[in-house]
Amino acid sequence: MMNHVELAKDIYWVGKIDNREVPFHRLILAKGTTYNAYLIKSEKPTVIDTVDIEFGREFVEYLSELINPQEIQYIVINHTEPDHSGAMAALAGRAPNATIVCTEPAVQELKEMYKLHSRHFLVVKDGDTLDIGGKTLKFKETPYLHTAETMITYTVEDKILFPCDIFSTHVASEKIFADEAGFDIKDDFVGYYNAIIHPHRRYVRTLIDALEELDVQMIAPSHGFILRENIGQYIDLYATMSADTVQDKKVTIIYTTIKNNTKKMANHLQRIFEENQIQATVFNADKSEKTEIIESIKESDAVFIGSSTRYADMIGNLEEVLKELPEMDLEGKIGAAFGSYGWSGEAIEVIQDYLNQTNMDVQSTSKVIKTTGMTHVEFPVRVRFSPKGEQLAKIEHSAGFVADLLRSAI
Ligand code: FEO
């Protein structure tokens with residue numbers, strides 16, 4: 001372990017440098033990485049994030065050089081992925097007086113992952129503040145950047161942002177600050193963004209808006225270098241790399257429906273694409289000419305096809321369109337199935353089977369998880385009965401994901 005590094009008065013880096021070739025998100029981190037955790041020795045001592053589960057005991061011993069863990073009053077968990085929350089397994093028992101601070105979606109995950117069912121949690125929401133005695137923490141929720149429960153923490157008096165994965169680099173360096181690295185970290189910074197953050201770029205824009213309310217003088221992420229010079233340059237890079245670049249993309253949405261629920265899904269998909277400045281045309285296969293639908297598919301970059309289910313199958317004329325697709329050259333187009341159902345929703349799976357016979361890039365939940373790690377984006381898009389509430393959000397996530405794929409294809 002290296003010496004503790006003080007970022008500002010009473011704020012310390014207490015992380016772990018992992019200079020192995022670390023396997024991570026199906027990548028091998030050739031330069032290793034660091035797991036950056038922080039200790040704020042205020043009147044109510046607070047730990048922000050921990051380290052990888054593999055180094056839990058080592059982390060607690062290292063932390064104990066600066067503070068008796070029994071004195072820790074708060075443990076802030078910005079993100080529950082085990083490379084940052086993993087040392088909770090070792091720390092929680094040694095810090096029995098600490099309240100765990102996190103977002104609502106993180107509570108159950110932490111309880112289950114580290115057997116923390118009897119611990120006291122403080123759930124924070126976007127914009128909440130916490131007085132830790134002489135310093136104030138401010139929290140901003142950053143859902144889906146890169147998982148649902150993520151948030152960022154800001155120290156109001158010291159103007160330091162703790163964004164966990166965001167603004168990170170995967171480099172195992174004993175030089176903690178970017179300005180002391182001895183080289184320009186930009187390639188590593190951009191490489192990390194491309195590998196980890198870019199698939200979630202629609203949520204970066206929310207982050208950039210949130211940062212406009214904060215005077216950030218230092219960014220202390222949870223991997224790699226701490227940034228304390230040219231902060232604006234790094235934030236601008238994220239803004240640029242995540243920016244909209246669409247604009248000549250087209251989507252065709254085709255459906256058949258029994259009680260208009262699948263029609264509502266089609267219309268909601270269209271609305272989401274239009275909000276993303278992508279032209280989307282909707283066809284009811286029972287009311288439109290097949291030739292017109294086929295021409296629209298040929299001209300489109302993505303095709304969504306949906307049906308209600310009756311007698312375990314699709315309804316109406318939709319199959320007449322689907323039968324044409326395996327014979328067409330649809331390479332480079334994105335395909336996705338959707339539908340509303342009341343019982344089992346077999347029609348949606350039948351559509352997926354047809355799509356899988358084409359040479360389109362057909363979306364599936366399995367593919368999304370394997371390529372991005374996202375678990376909130378589902379394909380086919382299945383909605384039970386009338387789409388509302390969380391089901392509308394599900395449609396938004398899936399359409400947004402395809403919109404982002406279309407941006408990347410430029
Ligand atoms: Fe560095 Fe999402 O974990």
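Colleague: Hi! Which side chains meet in a salt bridge at 2.5 Å, N to O?
Modeller: Those of D361 and K367. By salt bridge I mean a side-chain nitrogen of Lys or Arg within 4 Å of a carboxyl oxygen of Asp or Glu. This is a predicted model, where local features need pLDDT of at least 70, side-chain atom pairs count only at pLDDT 80 or more, and totals for chains, interfaces and linings use all residues. Residues are numbered from 1 along each chain as its sequence is written, and side-chain values use heavy atoms, with hydrogens and water left out.

Colleague: Thanks! What is the relative accessible area of D361?
Modeller: It is 31%, so D361 is partly exposed, meaning between buried (under 20% relative accessible area) and exposed (over 50%), with a 1.4 Å probe and protein chains only. K367 is partly exposed too, at 29%.

Colleague: Which residues are joined into one network?
Modeller: D18, R20 and E54, through salt bridges that share partners.

Colleague: And how many salt bridges are there by this rule?
Modeller: The count is 19. One of them pairs K159 with D215, with the closest N and O atoms 4.0 Å apart. K159 sits in the loop between β14 (151-155) and β15 (160-162) and D215 in the loop between α6 (201-211) and β16 (218-219), so the pair ties together parts 56 residues apart in sequence. Helices (H or I, at least four residues) and strands (E, at least two) are DSSP runs, numbered from the N terminus.

Colleague: Switching to D404, what is its salt-bridge partner?
Modeller: R202, with the closest N and O atoms 3.2 Å apart. D404 lies in helix α13 (residues 390-408) and R202 in helix α6, so this pair links parts 202 residues apart in sequence.

Colleague: Is D404 buried or exposed?
Modeller: D404 counts as buried, at 4% relative accessibility.
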